[in-house]
Amino acid sequence: MKDKLTIALVAHDHRKADMVDWVKYNAGYLAKHHLVCTGTTGKLVKAAFDEAGIAADVTCMHSGPMGGDAEIAAMVVRNEIDFAVFLIDDLNAQPHEADIQMLLRQCRLHNVPIACNRISADLIISSQLWQDPDYEPIAQSYIRFERE
């Protein structure tokens with residue numbers, strides 16, 4: 001695996017506090033990697049690092065409803081994202097639901113691990129496979145299985 005990952009961080013409005021808490025808890029690890037965030041989430045992530053006095057490589061895209069989810073999905077397609085955390089608000093309708101589903105689908109299609117809650121984010125970020133130089137994810141196969 002790579003020494004420096006590109007990690008996408010996205011959080012809906014009602015989940016931004018969770019994202020900031022998660023970033024603070026994992027700040028030491030995250031600061032070693034390149035973070036790509038949707039607009040407001042990125043500003044909050046940068047502020048959390050600044051408050052902690054930690055230098056971090058954070059790139060902000062547009063806000064989700066203004067195309068940020070689509071920008072990150074395009075990065076997934078170009079193999080520029082290694083891991084994504086998308087804290088989704090499942091209790092409120094989102095005006096850009098199609099973009100949300102597109103990002104989730106592209107992560108699945110392109111074999112990018114995506115966490116949609118804090119525990120799955122914790123499990124993925126703490127995997128020892130990130131440190132294994134010999135580990136290569138197996139490409140997904142979409143060959144139709146023929147029944148006998």
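Me: Over how many bridges do strand 1 and strand 2 pair, and in which sense?

Reply: They pair over four bridges, in the parallel sense. Two strands pair if DSSP finds at least two bridges between them. Within this pair, Leu-9 stands opposite Cys-37 in strand 2.

Me: What kind of model is this, and which cut-offs apply?

Reply: It is a predicted model: local features need pLDDT of at least 70, side-chain atom pairs count only at pLDDT 80 or more, and totals for chains, interfaces and linings use all residues. Residues are numbered from 1 along each chain as its sequence is written, and side-chain values use heavy atoms, with hydrogens and water left out.

Me: What counts as a helix or a strand?

Reply: Both are DSSP runs, numbered from the N terminus: helices are H or I with at least four residues, strands are E with at least two.

Me: What is the strand order in the sheet?

Reply: The order is 3-2-1-4-5. The sheet is open, has five strands and pairs in parallel. Strand 3 and strand 5 (114-115) are the edges, each pairing on one side only.

Me: And strand 1 with strand 4, over how many bridges?

Reply: Five bridges, again parallel. Ala-8 stands opposite Ala-84 in strand 4. Ile-7 has Phe-83 as its bridge partner there.

Me: How many residues of strand 1 are buried?

Reply: Six of the six, so strand 1 is largely enclosed by the rest of the structure. Buried means under 20% relative accessible area, exposed over 50%, partly exposed in between (1.4 Å probe, protein chains only).

Me: Which residues sit on which side of strand 1?

Reply: Thr-6, Ala-8 and Val-10 are on one side, and Ile-7, Leu-9 and Ala-11 are on the other. Both faces are covered. In a regular strand the side chains alternate between the two faces of the sheet.

Me: Switching to helix 3. What span should it have?

Reply: Helix 3 (residues 39-52) has 14 residues and should span 20 Å at 1.5 Å a residue. Its end C-alpha atoms are 20 Å apart, which agrees. The expected span is 1.5 Å times one less than the number of residues.

Me: Which of its residues are buried?

Reply: Gly-39, Thr-41, Gly-42, Val-45, Ala-48 and Phe-49.

Me: What covers them?

Reply: The cover includes strand 1 (6-11), helix 1 (16-25), helix 2 (27-30), strand 2 (34-37) and strand 3 (57-60).

Me: What follows helix 3?

Reply: Gly-53 does, with a positive phi near 70°.

Me: Charges next. How many salt bridges does the whole structure have?

Reply: Five. A salt bridge puts a side-chain nitrogen of Lys or Arg within 4 Å of a carboxyl oxygen of Asp or Glu.

Me: Which residue does Lys-24 bridge to?

Reply: Glu-51, with the closest N and O atoms 3.6 Å apart. The pair links distant parts of the chain: Lys-24 is in helix 1 and Glu-51 in helix 3, 27 residues apart. Lys-24 is partly exposed at 42% relative accessibility, while Glu-51 is exposed at 65%.

Me: What about Lys-16, which residue is its partner?

Reply: Asp-13, at 3.7 Å between the closest N and O atoms. Lys-16 is buried, with a relative accessible area of 11%, but Asp-13 is exposed at 62%.

Me: Where is Asp-89?

Reply: Asp-89 is in the loop between strand 4 (83-87) and helix 5 (97-109). It is buried yet has no salt bridge. The nearest side chain of opposite charge is Arg-15, 6.9 Å away. For charge, Lys and Arg count as positive, Asp and Glu as negative; His and the chain ends are not counted.

Me: So which side chain does Asp-89 make a polar contact with?

Reply: The side chain of His-14, at 3.0 Å. A polar contact is a pair of N or O atoms within 3.5 Å; within protein, one must be able to donate a hydrogen and the other to accept it, and residues adjacent in sequence count only if both atoms are side-chain atoms. The Asp-89 side chain also reaches the backbone nitrogen of Leu-91 at 2.9 Å.

Me: Last one, His-96: buried or exposed?

Reply: Buried, with a relative accessible area of 8%. His-96 lies in the loop between strand 4 and helix 5. Its side chain makes a polar contact with the side chain of Asp-69 at 3.0 Å.

How values were computed:
Contact means heavy atoms within 4.5 Å.
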